[in-house]
Amino acid sequence: MLQALKDYFILIKISIKCQLKYKLDFFVQLIIWSIYAFIPIIAVDILIKKFGNLGNWTQYNIFIGYAIIMLSYDLARMIARGFDNFHNYIENGSLDIILVKPLGVFLQIMGNEFFLRRLSGIISYIFLLVLSISKLNIEMNKLYVSVFILFIVISVVLLFISLLIFSSIFTLIFKKRNLISEILVDKTAFISYIPTNMLNKMVQTFLIYFIPIYFCYYIPMNKIFVCDFYGSIILSIFISLLISISYLYIIKKIFIKILRRFYVSKGN
């Protein structure tokens, strides 16, 4: 396990060095990505001011929810960028090289493409999160709120990584990138910050049973916003982490089985 982590961090270090080879280009792209991250935040602010609260969620409740989902989304895309670009591994035959190496498939795919440019969005959403927590009108200790949110972010990051791997399963089956991948990951991120009870029944069912964002994000966040007692909040976060870890484990197992069943080497 420790050796695998060492190998993973070596791959990340190599990936980061490659991205920093042209420093000016890298920092220009960071600025562009920062602007790209702030535009939706401004749009959400305009919508809130125009239409008001979403149910019992006030402006800063919504901003916290939005920041959690998008921060988790960007972290997952930074860590698991290889699964985001998994179609390239199939199309150019790189997956063949990965499969014959002694390192694990997951370790190589996640380590080969550590997308550092997502850092600009991550910083933007952390800033929004800290600002919104400080403005939040809540009786609970803000430090406790921050710690609880940290664990919720970890849970949602694991969930989005699972979805990126899940999208790669469809890439393996269809041998190319498809709309299913976009729907699974991107569209889930764009609607997940909205309180689940505000969505239509079909979307609610999707976010509760198929992609358990309801248990990993909405339930623990709602308990924090209504100032439920600490034991209840901690239990909901524990369940959230348990669900996201189990979901990742199941998706990983399915991916390995589909890889063995459907993948045909480009060398054959």
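User: Which residues of H2 are buried?

Analyst: This is a predicted model, in which local features need pLDDT of at least 70 and side-chain atom pairs count only at pLDDT 80 or more, while totals for chains, interfaces and linings use all residues. Residues are numbered from 1 along each chain as its sequence is written, and side-chain values use heavy atoms, with hydrogens and water left out. Helices (H or I, at least four residues) are DSSP runs numbered from the N terminus, and buried means under 20% relative accessible area with a 1.4 Å probe, protein chains only. The buried residues of H2 are Phe26, Leu30, Ala37, Ile41, Val44, Asp45 and Ile48.

User: What kind of pair do the rings of Phe83 and Phe255 form?

Analyst: Rings of Phe, Tyr and Trp (its six-membered ring) pair if their centres lie within 6.5 Å; planes under 30 degrees apart count as stacked, over 60 as edge-to-face and the rest as tilted. Phe83 has 2% relative accessibility and therefore counts as buried. The ring centres of Phe83 and Phe255 are 5.7 Å apart and the planes stand at 85°, so the pair is edge-to-face.

User: How many residues apart in sequence are the parts that this pair of Phe83 and Phe255 ties together?

Analyst: Phe255, with a relative accessible area of 0%, is buried. Phe83 lies in helix H4 and Phe255 in helix H13 (residues 230–262), so the parts tied together are separated in sequence by 172 residues.

User: The charged end of which residue sits over the ring of Phe106?

Analyst: Phe106 belongs to one aromatic cluster with Phe83, Phe86, Tyr89 and Phe255. A charge sits over a ring if NZ of Lys or CZ of Arg is within 6 Å of the ring centre and within 35 degrees of the ring normal. At 5.1 Å from the centre of the Phe106 ring, the charged end is that of Lys252.

User: Leaving aside neighbours within four places in sequence, which residues is Ser192 in contact with?

Analyst: Ser192 is found in helix H10 (residues 179–192) and is buried, with a relative accessible area of 2%. Contact means heavy atoms within 4.5 Å. Beyond the neighbours within four places in sequence, the contacts of Ser192 are Ile69, Leu207, Ile213 and Tyr217.

Notes. Buried < 20%, exposed > 50% of the residue type's maximum accessible area, 1.4 Å probe, protein only. Helix = DSSP H or I, 4+ residues; strand = E, 2+ residues; numbered from the N terminus.
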